[in-house]
Amino acid sequence: MVQGSTHETPEALIPFEVEVRAWLAEAMQDGLRFAWSAVWTTRDNDEEYAFRQSLGRRLGERGWLFPTYPVEYGGGGLTPEHQAIIETEMSRYGLRHAMVFYTLARIVAPCILKHGTDEQRRAFLPGLVRGEVVVWQVLTEPQSGSDVANVRTMAIRDGDEYVLDGQKIMVGSHHQPDYLWTLVNTDPAGKRHENLSWMYVPATSPGLTIRPMSMMMGIKNTVFFDGCRVPAANLVGGENSGWKVSSTHLELEHGGAGSIAGDPVVDHVLGRCLEQQPDGTALIDEEPVRAILADMLIETHINELLAARNYWLRLRRTPHPYGGVQYRYYERLLRLRNAERVQQLFGYEALVPRFDLHEDADLEHLVRAGPGQLHGGGTMDTDRLVMARRMGIGRSTKEDAPTTA
Ligand SMILES: Cc1cc2nc3c(=O)[nH]c(=O)nc-3n(C[C@H](O)[C@H](O)[C@H](O)COP(=O)(O)OP(=O)(O)OC[C@H]3O[C@@H](n4cnc5c(N)ncnc54)[C@H](O)[C@@H]3O)c2cc1C
């Protein structure tokens, strides 16, 4: 069982567990050196990317990327318990199921399932759900970061198409997407929150330009829409109803999805501290090292419990009012603290990249990406704001947490 997981396999599901374990042992044979959690990466490693992508597609073929999704949309038609087994077995390899390769399908597919028409589900879901297409989430604009609703990218209807003009920033990764999932303004004269729509935009659309930005934590991108034409059928959730769709999207992004995976960095750090040095000693022999490790393990365990709680509540469709951002907030701080701890433990070694390891286990990347963790997918301030609204602090009403799909 994964640390922090409340999952135990019921007897009737043991044959499935055995099947998944055997399948993964074979599938991971050539990728053991990448046996660390795949996250939404900004670090360039083409070999690893190719392995992850092929693993994602193989899982997708079996319906194991989205196990509980209907078979007609490429899912497995299985239960949350089956999903928990798949995720638990994958995390034995340090793999986070929802991020097996670098696509944000884990956020986009639920939005399409919940808010799309039947036709849109049939058209867009199978590629996402089987891991065949890569999608980025494209929200942030130069003047619209924390204030997500302040969208200036215009999408004006022209016959059967929308014409997009505007700019997004700090999105995606170093590998090209097939689709962008983006929030646009479809009513320039409309009221705030009532003027937005979500669109599923093919990355090959004429008038769309992607320009890489080299940042401290790696590659992000600027996207320019310049008279970019998108079929009207790609608008999901209804024109000017985009804020409603974003409630699903943002809840998942802000921790509502939860997780039952462990944190491979902690295993890696612990392993390094236990390793015997040439002089016969190990780092763990030193009392200050043990104190740092103890703090790291305690806080990581708390984080895993928050993540597991959200995971089960999501699968049961009974979201915790503020559990999503509570977990996200704690996790951001934990990653920053762990980055500091790694520097205290390994000194200069934590400043030298190790490209033979996945970025999650590469201590230099952990240290460099630490501060960025406070700012990706909203900031600590937006976490606090959402939490206050959900708890009813400073106002007479409490906002509900949206259910996701
Ligand atoms: C690692 C990383 C990955 C990212 N990936 C993506 C991606 O894939 N897709 C995407 O669309 N975007 C992405 N972003 C962008 C990210 O979502 C934004 O940076 C974030 O939402 C903050 O917006 P901003 O940078 O414009 O800062 P601003 O909104 O300008 O905020 C600046 C500062 O003011 C504070 N602040 C703002 N408003 C308030 C308020 N009302 N009350 C109190 N304090 C406030 C903020 O907390 C922050 O400290 C990523 C960013 C990072 C760092």
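Helices and strands are DSSP runs numbered from the N terminus, helices being H or I with at least four residues and strands E with at least two.

Before going on, a word on the model. This is a predicted model, where local features need pLDDT of at least 70, side-chain atom pairs count only at pLDDT 80 or more, and totals for chains, interfaces and linings use all residues. Residues are numbered from 1 along each chain as its sequence is written.

Now the domains. The chain is divided into domain 1 (11-102), domain 2 (135-240) and domain 3 (258-391). Those bounds come from an automatic or database domain assignment. The centres of domain 2 and domain 3, taken over C-alpha atoms, are 31 Å apart.

Next, helix 11, residues 380-391. Helix 11 has 12 residues and reaches 16 Å from its first C-alpha to its last, close to the 16 Å expected. The expected span is 1.5 Å times one less than the number of residues. Its buried residues are Thr382, Asp383, Val386 and Arg390. Seen down the helix axis, they fall within an arc of 105°, so they line one face of helix 11. That arc is taken over the directions from the helix axis to the C-beta atoms. Buried means 20 or more other C-beta atoms within 10 Å of a residue's own, exposed means 12 or fewer, and partly exposed is in between, with C-beta atoms placed from the backbone.

What do the buried residues of helix 11 pack against? They pack against helix 6 (242-256) and helix 9 (323-346). Contact here means C-beta atoms, placed from the backbone, within 7 Å. Just after helix 11, Gly392 takes a positive phi of about 75°.

Helix 7, residues 264-274, has buried residues too: Pro264, Val265, Val266, His268 and Val269. Their cover includes helix 8, helix 9 and helix 10 (363-373).

On to Cys228, in strand 7 (residues 218-231). Cys228 counts as buried because it has 23 C-beta neighbours inside 10 Å. Leaving out residues up to four places away in sequence, Cys228 touches Leu164, Ser205, Pro206, Gly207 and Leu208. The C-alpha atoms of Cys228 and Tyr162 are separated by 8.0 Å, though these two sit 66 residues apart along the chain.

Last, two loop residues. His193 sits between strand 4 (179-185) and strand 5 (196-202). Its phi is near 75°, a positive value in a residue other than glycine. Arg317 sits between helix 8 (287-315) and helix 9. Phi of Arg317 is near 60°, again positive in a residue other than glycine. His193 is partly exposed, with 13.

Note on methods. Contact = placed C-beta atoms within 7 Å.
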